[in-house]
Amino acid sequence: MTVSSASPMGLAALEARLRQDLEWLELPAKSWVPPREIDGRRVRDVVIIGAGMAGLVVSGMLKRLGVDNHVLYDRAPAGLEGPWVTFARMRTLRSPKQLTGPAMGLPALTFRAFYEAQFGRAAWDALDRAPRALWMDYLIWYRKMLDLPVENETEVAAIHGGPDGILALQIVRAGVTEAVHARHVVLATGRDGLGGPYVPPIAETIDRRYWAHTAAAIDFKALKGKRVAVIGAGASSMDNAAVALEAGAARLDLFIRRTDIPRVNKFTGIGSQGVVHGFAGLPDEWKWRFLDHTLRAQTPPPRPSTLRVSQHPNGHFHLGSPILGIEERDGHLVLTTPKGRYDTDFIIFGTGFRVDLMSRPELADFAPHIRLWRDRFPVPADMPNVELETSPDLGESFEFLEKIPGTCPALRAIHCFNFPATLSHGKLSGDIPAISEGADRLARGIVRSLFVADRETHFATLQAFDTPELQGDEWTDADANVGAPHAAA
């Protein structure tokens, strides 16, 4: 089907094409997992926590493989899942527009198809990167087209081990707590999925009204006419600095610990199918070496985000300026760096996220048993790295492993499909480029586990299957009358 740049095909035509593609590929596959019940209620084969991009593509892959008895829970209202229209503040995505992301190998499910169907080929060719809000529209459309079972405004408050390896979840919906049982749980919970936003200890020395993290809801209108400081030089720092300036901040000071802003995006630069599929096969010391080098180099902020700040004459970049002290004085703050003291009214910390299992109430029963890399891998003396040391040490299907074997076998039913999985599997679970490959690896692992666990049932089904393909009247036995006298010639 050819798309004309002069006349876009329209979403209705694209949707018809996608439905046809799915039909031709016999997708989704037929349901095959034997049902289980506890107290008269169906046990979910999989519960996915989080209905952002990662959760949606996991759901799509499970449906594709015939595991339709699953559900996605997301605490956000419909259309507000993930960061895209909440705390993400860039104008466009940072990834190149042509990446196929969550499309699962289906051309008609790509962002490009979604965009061209509405705006045409010429508009696509002129597009630099995907507009952030339009990407959210695409994910909403993706969810609709695959008919994914999302339940919004639902929070998973706790996960407990249950009978026969079944997990017992407490979910809260409209203030009411319910019990749900599941055979597997997938944590598709994004950057802060195993912890939360990180701020340096110095932030705790000042009143909370004076600061926020880049991942928080910030009232930028209230910063009009104010002096704002942003800590950090990552993409989120630049985006938040730009929004503050655009909201009318009187002065914006961007404090950067390094003496230069990182300029080379290391991991993207070596991106290939080799990295996608081969990283998990590296020896541990090589996984560590690759990611330690990448993290030390840091990821540069996108050029458009940086220019968005520098175009303002009241935006100031302070290189080689770690924060040495913060003090409150006469209703404002004074920041001290090696280069001077600066008055400010509000600080935005662009200091990232960290793994902190004990801060996740839903994992309280399991946190002491989850094996981290530092629990078994001897950290190289010349490559200490706290972020890597606290990464979960995961199995082949992104499942948690026990710190002490045999103490918490239920961990193997909980899968970590979020950013901290990177050291074990590579960048397959947090960013757009290889999210489909990661979801495929995860879903196939769950399918294998479900089938093996139900092997007796499947074997009994095999034994009981007796639908004949032949009726017995399709042939005649030529030797049926052997020994009978032959008719005379």
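A residue is called buried when its relative accessible area is under 20%, exposed when that area is over 50%, and partly exposed in between. In this predicted model, Arg-121 falls into the middle class because its relative accessibility is 37%, and Asp-125 is likewise counted as partly exposed because its relative accessibility is 47%. The side chains of Arg-121 and Asp-125 meet in a salt bridge, with a distance of 3.1 Å from N to O. Both residues belong to helix H4, which covers residues 121–126, and they stand four residues apart, or about one turn of the helix.

This pair is one of 28 salt bridges that the structure holds. Side chains of opposite charge can pair when their charged atoms come close. Another salt bridge joins the side chains of Asp-375 and Lys-403, at 4.0 Å from N to O. Here the pair links distant parts of the chain, 28 residues apart, since Asp-375 lies in the loop between strand E18 (353–355) and helix H11 (386–389), whereas Lys-403 lies in the loop between H11 and E19. Asp-375 is partly exposed, with a relative accessible area of 34%, and Lys-403 is also partly exposed, at 37%. A further salt bridge, of 3.4 Å from N to O, is formed by the side chains of Asp-431 and Lys-427; of these, Asp-431 counts as partly exposed at 26% relative accessibility, and Lys-427 is partly exposed at 32%.

Attention now turns to the interior. In soluble globular proteins, nonpolar side chains tend to be buried together. The largest nonpolar core in the model contains 90 residues, and among these Phe-111, Trp-135 and Ile-159 touch the most other members. The greatest contribution to this core comes from helix H5 (residues 132–146), which gives nine residues. When residues up to four places away in sequence are not counted, the contacts of Ile-159 include Ile-49, Leu-167, Val-185, Leu-363, Phe-366 and Ile-414, and also the acidic residues Glu-362 and Asp-365. A second core, separate and made up of 21 residues, includes Val-228, Ala-244, Ile-256 and Ile-348.

Helix H13 (residues 435–453) has 19 residues, and the 27 Å from its first C-alpha to its last is close to the 27 Å expected at 1.5 Å a residue. Its buried residues include Ile-435, Leu-442, Ile-446, Val-447 and Leu-450, together with Ser-436 and Gly-438. Among the elements that cover the buried residues of H13 are strand E3 (44–49), helix H2 (53–64), strand E8 (176–187) and strand E19 (414–416).

Note on methods:
Residues numbered from 1 in each chain as written. Predicted model: local features only at pLDDT ≥ 70, side-chain atom pairs only at ≥ 80, totals over all residues. Heavy atoms only, no water. Core = buried A, V, L, I, M, F, W, Y, C linked by side-chain atoms within 4.5 Å. Buried < 20%, exposed > 50% of the residue type's maximum accessible area, 1.4 Å probe, protein only. Helix = DSSP H or I, 4+ residues; strand = E, 2+ residues; numbered from the N terminus. Contact = heavy atoms within 4.5 Å. Expected span 1.5 Å × (residues − 1).
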